[in-house]
Amino acid sequence: MTLILLVSLFAYMLGSIPFGLILSKKILNIDIRKHGSKNIGATNVIRSGNRKIGAITLLLDISKVITPMMIAKYFDMDANMIIIIGSFSLLGHVFPIWLNFRGGKGVAAYFGILLIMSPLFSLLFIFMWVSTFVVTRYSSLASITSIISIPVVYIMVNMMKLNDFIYYDFLSPKDMDFRINFTIILFISVILIYRHMENIKRLIKGQESKLK
């Protein structure tokens, strides 16, 4: 139990590191919270005009979720706990202690969880994001569509008994509990949709900015 608590705390603290804010200040000499959508995530860094720093931010935001999940795997924690550990990192990203619990939207962090949980789910997430973005040019709408698609497909996978085809080796179906994992996915999805509420309001009003 002590090990689980320590790894969970590490996951949260690592997730709380605002790479977008740090890189924009150190390299671009700007406070990303005062530009564009005022978000500290990779999309807003790209919106500020620097795709390279935005890409680095994206990779770092993904890696800070993958790292504690792989540590949990190293200590032979079960599949459910590995995903929970990833969720703590996501919570750190969305609600960082260093920024008065006002962090990023959590999309990159969610992708990191999916990448470890199921490469096919992560590919679905990318496909939904890219296809929506290409059609609409709204990054927020692409993220919302991708977020909603995962729990929907997760239910379909379970109903069609395709678990063997979907899950990655160390998260094999025999180690998975559908109800627990669906609850975790649904919990994450609700949080991320909540973080996108302002975007949703702007989309409804037609005031959301497009990403060029």
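Predicted model: local features only at pLDDT ≥ 70, side-chain atom pairs only at ≥ 80, totals over all residues.
View 1. In total, 36 residues line the largest pocket, and Ala42, Thr43, Trp129, Ser139 and Ser143 sit closest to its centre. Helices come in from several parts of the chain: α3 (42–47), α4 (51–74), α6 (107–117), α7, α8 (139–159) and α11 (197–205) are the elements that each give two or more residues to the lining.

**View 2. The second largest pocket, with about 310 Å³ of space.** Here 16 residues make up the lining, and those closest to the centre are Ser37, Asn39, Arg102, Lys105 and Arg195. Sorted by type, the lining of this second largest pocket has four nonpolar, five polar and seven charged residues. The top contributor is α11, which hands over four residues.

**View 3. A nonpolar patch out on the surface.** Six side chains to look for: Leu120, Leu123, Ile126, Val130, Val134 and Val135 form this patch, and together they have about 520 Å² of accessible area. One of them, Val130, belongs to helix α7, which covers residues 119–136. Helix α7 also turned up in View 1, as one of the elements lining the largest pocket.

**View 4. Zooming in on Val130: buried, exposed or in between?** Val130 counts as partly exposed, because its relative accessibility is 40%, and the partly exposed class lies between the buried limit of under 20% and the exposed limit of over 50%.

Notes: Residues numbered from 1 in each chain as written. Heavy atoms only, no water. Patch = residues over 30% accessible without salt bridge, like charges linked within 9 Å, V, L, I, M, F, W, Y side chains within 5 Å. Areas by Shrake-Rupley, 256 points an atom, 1.4 Å probe, with all protein chains shown as cover. Salt bridge = Lys/Arg side-chain N within 4 Å of Asp/Glu carboxyl O. Buried < 20%, exposed > 50% of the residue type's maximum accessible area, 1.4 Å probe, protein only. 1 Å grid on protein atoms, 1.4 Å probe; cavity = no way out; pocket = protein on both sides within 12 Å on 5 of 7 lines; lining within 4 Å. Points joined across faces, edges and corners; volume = space filled by probe spheres on them. Nonpolar A, V, L, I, M, F, W, Y, C, P; charged D, E, K, R; others polar.
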